[in-house]
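Subject: Handing over the structure, with notes

Dear colleague,

Please read them with the structure open beside you.

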Amino acid sequence: MSASREKKRRQEQLATGSVNPRAAREAEQRAAEKRSSVLYTILAVAFIAAAIFLVVYNSGILERNKTAVTIDGEKYNAAQAAYYYQQAYQSYMNSTSGYMAQMYGMLDPQSPLKDQAYDDTRSWADYFKELAVDNMKFVHAAKKLAQENNITLEQEDQDLYSENMKALKKSAAEAGFTYKAYLKAIYGATMTSSIYEACEKDRMLATRVSSVQQDTFTFTDDEIQTYYEENKNNYDLVDGAYVSVSGNPEQKTDDEGNAIEATEEEKTAAMEAAKETAEEILAAYKAGGDLEELAVEHDAGYYGSEEMSYSTSTAVEWLFDSARKSGDVEVLESEGQYYVALFNGRERNEALNYNIRHILVTEANLELPEGEEAAEGQVAQKAQEILDSWDGTEEGFAKLAGQYSQDSGSKDNGGLIENVAKGDMVSEFNDWCYEAGRKTGDTGIVESSYGSHIMYFTGYTDTEYWHYACENALKSDAFSTWYDETTESVTAEVDESGMDAINA
C-alpha cells in the first residue's frame, strides 16, 4: 500500500472514531497469515513440480524423446539409438576382435567407454555410436525394401522372437529384475519395453530381407573355377615341412636380473651361427637324413604336414610359391631366424563336406548344486549314459538331441548340422568325422573344450571343400556390396544431444 493511501485510511478512521488498535493488529496479523499461506502454497507447488521433474528425468522420458538420428526425414529417438548402440557393442565384444581388444587391454568393459580412446580422435563410445548409426541406416533401408517387395516376418521368425523374449524375461528374473528394469539396466534409462520390442522386430525383418537377398546370389561353375584360380593359396593344401633355427642372441641380464639389450655385433654373430646350423641341416638332409630328427639333433623347431594351409610366414609363402616342384628344399632367411624348407607336393582341397548329428553334453546336463563343479570325467560319463539309452535309430538320436543337447544352434533340429566343411569345427570334432573308414551311422563320443560330443555320422556330401568355399566367398563379396549400397542409399543426420543420452 502506498504512503498516501495509508495516510488517507488513517484519516478516515480518525474521522469516524473507528480506530481500534487491537482490531487493527488482528487484521494485520490475518493479512500476514494469508500472505504466508500463499507463499507456502507457491513453495509447495514448486517442490511438487521439482519432484515430478526428477521422476520424469530419472524415468528417461525427457532424454528418450530427444531425436538422435534422422534418416531420410524419419526421426529416431535416443532410446532407439541406444538399442542399436548396445547391439553393436555386444556384437563386437562377442567377436574375435572384441576378445583380442580385451586381452590386450585396448578396451575395458568395466570402465566408461566414453573415457577410453579408440583412436586419436574417437573414444570407444564414439566408435560404437558410428556402428549404431550404420546399422540404423541399413535397417531403415531394409524396411523400405520389405514394403516394396512384400517381405514379412515368417513363422520361424515369429517363433524365434517369442523364444528370445522368453529367454530375456527369464534372464531378468534370474538376475532379480523386472523385465522393464532389466531393459533399462542393459540399454539405459531411456529404454521401454515397447521401443525394445519394436526395434527387435525391425532388426529381424532386416535379417529376413538379407536372407531373401542372399538367396538371389548364384554363380556358375565357370565363375567359381575362375575365382579359385585367382585365389588358389586359400583353397590348396601343401605337403611339406620346415625347420626353424633361431637367430636371436642369448638373453643376458645384469646383476639385478634386468635384461641387457644385445649389441649389433652380437645380433650379427647369432644370425651367422643360425645360418651355419641351417646349412648343416640342409646338407645332412641331402645326404639322406630325416628332417625332423635333424631338427631335434640341432635343438631347432620343426613343423610338417601333408595338409598345410597357407599363411604369411616366410617358410609357408615359399612352400606355396607356384614355382615349387616336388623335392625342392632350401635355406631361407627371415627376421631373427633361418628356415630349412622342404616341398613335397600341392593339391586342391577336395575333401568332401559332411552332414552330422551331435549332442553336446556339458556341466549343465548334470544339475549340480549351485557353486559345485563337475568332477573329472563326470561329463563324459553322462554322455555315455545318454548314448547307452539310444534306441539305435537316427530318429531316436534326434529325439535325444532335442532333450539333452546344450548346442542351441542344432538341438531344435535334432542335433543336425549340414554341409560342414573341413576345418569348420574344432579339431577333435573334425578329425573324428574325417577318420579313415568313417561311414553313415557311425557313433562315438568326442571330447573338446566345449564338452563331450555324442556323434552320429549321417554321411559325406557331393560338395568338395574348395568349390563350397569359393562359392561362399563369391556370395559373401556380393552380399557385402549389396549391403554397402543399401546402407548408402539413405542419408542420416546425427543429433549429438540425442546421441549423448546413450549410456556409454
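Glu-156 counts as exposed, with a relative accessibility of 53%, where exposed means over 50% relative accessible area, buried means under 20% and partly exposed lies in between, all worked out with a 1.4 Å probe and protein chains only. Glu-156 forms a salt bridge with Arg-208, and the closest N and O atoms of the two are 3.8 Å apart; a salt bridge here is a side-chain nitrogen of Lys or Arg within 4 Å of a carboxyl oxygen of Asp or Glu. Side chains of opposite charge can pair when their charged atoms come close.

Please keep in mind that this is a predicted model, in which local features need pLDDT of at least 70 and side-chain atom pairs count only at pLDDT 80 or more, while totals for chains, interfaces and linings use all residues. Residues are numbered from 1 along each chain as its sequence is written, and side-chain values use heavy atoms, with hydrogens and water left out.

Helices (H or I, at least four residues) and strands (E, at least two) are DSSP runs, numbered from the N terminus. Arg-208 is itself buried, at a relative accessible area of 12%. Arg-208 also meets the side chain of Asp-157 in a salt bridge, at 2.9 Å from N to O, and this pair again links distant parts of the chain, with Arg-208 in helix H9 and Asp-157 in helix H7, 51 residues apart. Like Arg-208, Asp-157 is buried. Glu-154, Glu-156, Asp-157 and Arg-208 are linked in a network of salt bridges, and the structure holds 19 salt bridges.

Glu-264 is exposed, with a relative accessible area of 54%, whereas Lys-267 is partly exposed, at 31%.

Next comes helix H12 (residues 291-297), which contains Leu-294. With 7% relative accessibility, Leu-294 counts as buried, and, if residues up to four places away in sequence are not counted, Leu-294 touches Ile-281, Ala-284, Tyr-285 and Gly-289, where contact means heavy atoms within 4.5 Å. Leu-294 and Leu-282 are 12 residues apart in sequence, and their C-alpha atoms are 9.1 Å apart in space. Glu-292 lies in helix H12 as well, but Glu-292 is partly exposed, with a relative accessible area of 43%. Together with Asp-290, Glu-293 and Glu-297, Glu-292 forms a negative surface patch.

Another patch on the surface is nonpolar: Tyr-99, Met-100, Met-103, Tyr-104 and Met-106 form it, with about 560 Å² of accessible area together. Patches are made of residues with over 30% relative accessible area and no salt bridge, like charges being joined within 9 Å and nonpolar side chains (Val, Leu, Ile, Met, Phe, Trp, Tyr) within 5 Å. Of these residues, Met-103 is found in helix H5 (residues 96-103) and is partly exposed, at 45%.

Two further residues may be worth looking up. His-140, in helix H6 (residues 124-148), is buried, with a relative accessible area of 13%, and, leaving aside neighbours within four places in sequence, His-140 is in contact with Ile-71, Asp-72, Glu-74, Tyr-76 and Val-490. Ser-326, by contrast, is exposed, with a relative accessible area of 60%, and is found in the loop between helix H13 (314-319) and strand E7 (329-334). Leaving aside neighbours within four places in sequence, Ser-326 is in contact with Phe-343 and Asn-344.

As for the whole, the protein chain has 18 helices and 13 strands, and 36% of its 504 residues count as buried. Among contacts between residues at least 6 apart in sequence, 67% join residues at least 24 apart.

Methods:
Areas by Shrake-Rupley, 256 points an atom, 1.4 Å probe, with all protein chains shown as cover. Lys, Arg positive; Asp, Glu negative; His and termini not counted. Charge placed at Lys NZ, Arg CZ, Asp CG, Glu CD.
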